Amino acid sequence: MGNSNPGCRQTPLFHCLSIKMVPHIIETKKKLAIDVQIEARDLTKRFGNLVAVDQVSFQVKQGEIFGIVGPDGAGKTTTLRMLASIMDPSCGTAFLAGFDTKTQASHVKKHLAYMSQRFGLYPDLTVGENISFYADLYGVPKAGRKTRIDELLGFSQMQPFQQRRAQDLSGGMKQKLQLICALIHTPTVLLLDEPTNGVDPVSRRDFWRILYKIVKQGVTILVTTAYLDEAERCDRIGLLDQGTLLATGTPGQIKSLMKGAVLTIKSPDARKINKLLAGQLPGLDVNVFGDTVHIVSQQIQETQKKAQSLIQAAELRLDEIKQALPTLEDVFVSMMSTKTPVDPLSQPLHCAPAGQTPGQAAPEKKDRTPDRISGGTAVRAENLTRVFGSFTAVDDLSFEVPRGEIFGFIGPNGAGKSTTIRMLCGLLTPSFGRGSVANHDIYTQTEEIKQEIGYMSQKFSLYEDLTVQENIQFYGGIYGLRGRAMNDRRAWAMEMAGLVGHGKTLTKNLSVGWKQRLALACAILHEPPILFLDEPTSGVDPISRRQFWDLIYTMADQGTTVFMSTHYMEEAEYCDRIALIYKGRMIAMGTPMELKTQKMHEQILDLRCDAPQALVEKLTDLKGVRDVALFGAGLHVVTRDAVLAQRSICQKLLDLKITDYKIEKILPGMEDVFISLIEEDDRNQGAVPEKYQETR
């Protein structure tokens, strides 16, 4: 299609097209009501010898949500930048709203809104001032501007915060504001690059509600995401890996690519069962998903008998074992984990325990230093409080974390999680209360605490302009490692991070997943008995997150205490205990099962049907229904009376002539618990949840 680069291969279709035909095609599309709003034809991008995007072709129709899913470094962001005319392709072509993204960039930008991973907000400006700035930038006429702004503020529930500065917003509210700024000029096409990274479940649900309202207005949306449950909500998806589009289709069509059936095993001992079966069932894909183990097998009945026998012999608890429909994450993990890694800078490596690279024998387990925490308590907080002016960020927290426990600290954006961790790490002085880490006082012994802990912040504490090896050397020096000890730990860190042979690579050139592993390696170079992790897997693909948790389990099994905050509710299920923090206060604490069965006072109905998003508003006001939300490929209906709600829903579906559906009462997931407890606390406190403030 006019490419002069001989290295760009073309399909027979494009051999038939001449350069002169392109304007005719575009003009024809303009005259018609454009059906295909985004089109990539053999789109390719090279950076030197690296092929970041390799002959990618797909179409997105008007009013469709198309999702691109892939591991870190797959080429998702590069693809979006080419579609947005920010970056020219090396070869191939792309059209947006009927215009060539390379030769007609000015026309493309008039029809486009692009939301990048980094917030394009001005922190010192208020919400209203940011919106006005972007309205001026896009040339939105003054006449009718206020009506448009009020409309956007209304359906995003941001009206009460017009005078708040952007820097004072939570992560979820910043996402909403950036979306408002992108939509101020009513685009034809909306490109979203991992828009909900680092955003809590409440904000993610609100964000997707907004997207569905936008689609109803005829806007076409292309979104990249690391959340596989979000991919389930798209009309169609494309699976991208190493710059190559492996498959496109509806979520159902992608799931049909799964080779074998899925056996699910639900148990409070899921972690132990996963480890047992992974070793005893060679050749099978065994993965843990929260409190459930998934096994992919061609002989499902035989596998079920073997698994059940092994679990019983090991005297592990078993709640349920059954065949289940695969999720997109099952398909993603299965397809990605069976591929042969080419280069750790472009693809995640196979899972390997700490200190072991694929193909190597497992090293002999090292005996850890005898317990350096007398009394068995690693972390203790008593009435811990932190006040900033008139704002109480952390309010009277009390808890204990025993040695060797994985303790999850969860809560919405701005709940006080990071502030609590920084106080415990000796980086921030509390306003009131007491606390200790490794038996060292958080007021008077902060330097001693720093020698006993590893700390991994939300933004990986790596120096981008240093090489991989230089970062490891720098942190080793901080921790007092010298000579042979430094050399041994550096070699271990390179192996653990899967970066052997890439010691001279600049850190800024690593994908997010590899930066994460390197940051973890730097944080635990000195083998600390306590590890603090603040949102460590934000923005990391499922394969990299799974590998990361393998490392966490290995350390916990060896006695390391892990204290971590997370927005991934699946990860909360991996923890031994969880504390739920909201508005600086602890509103619940217990094991994942205790929170699901004892703390949550509402019931969940799971509804599976075609186009579930179209039913959300229709079911919300039914008798017995408290709330309805998208959950993966279906809906979760929150109710106090499951029998009454199910009867109301079935009657409504009958009225709508929907007969192909499945509805059942299920055990709540951690996301259900998270949202239910937060909204219950708001009701008890007499407050109205953020999402209802606009209509108060």
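This is a short chat about strand 7 and one of its residues, Val189, in a predicted model.

Student: Where is strand 7, and is it enclosed or open?
Tutor: Strand 7 covers residues 189–193. Five of its five residues are buried, so the strand is largely enclosed by the rest of the structure.

Student: Which residues sit on which side?
Tutor: Val189, Leu191 and Asp193 are on one side. Leu190 and Leu192 are on the other. Both faces are covered.

Student: Which strands does strand 7 pair with?
Tutor: Strand 6, residues 112–115, pairs with strand 7 in the parallel sense over four bridges. Strand 8, residues 220–224, also runs parallel to strand 7, and five bridges join them.

Student: What stands opposite what?
Tutor: Ala113 stands opposite Leu190. Val189 stands opposite Thr220 in strand 8.

Student: Let's switch to Val189. Is it buried or exposed?
Tutor: Val189 has a relative accessible area of 0%. Buried means under 20%, so Val189 counts as buried.

Student: What is Val189 in contact with, beyond its neighbours within four places in sequence?
Tutor: Its contacts are Gln37, Ile38, Leu96, His111, Leu112, Ala113, Val219 and Thr220.

Student: How many residues apart in sequence are Val189 and Gln37?
Tutor: They are 152 residues apart in sequence. In space, the C-alpha to C-alpha distance between Val189 and Gln37 is 7.1 Å.

Key:
Residues numbered from 1 in each chain as written. Predicted model: local features only at pLDDT ≥ 70, side-chain atom pairs only at ≥ 80, totals over all residues. Heavy atoms only, no water. Buried < 20%, exposed > 50% of the residue type's maximum accessible area, 1.4 Å probe, protein only. Helix = DSSP H or I, 4+ residues; strand = E, 2+ residues; numbered from the N terminus. Pairing = 2+ DSSP bridges. Contact = heavy atoms within 4.5 Å.
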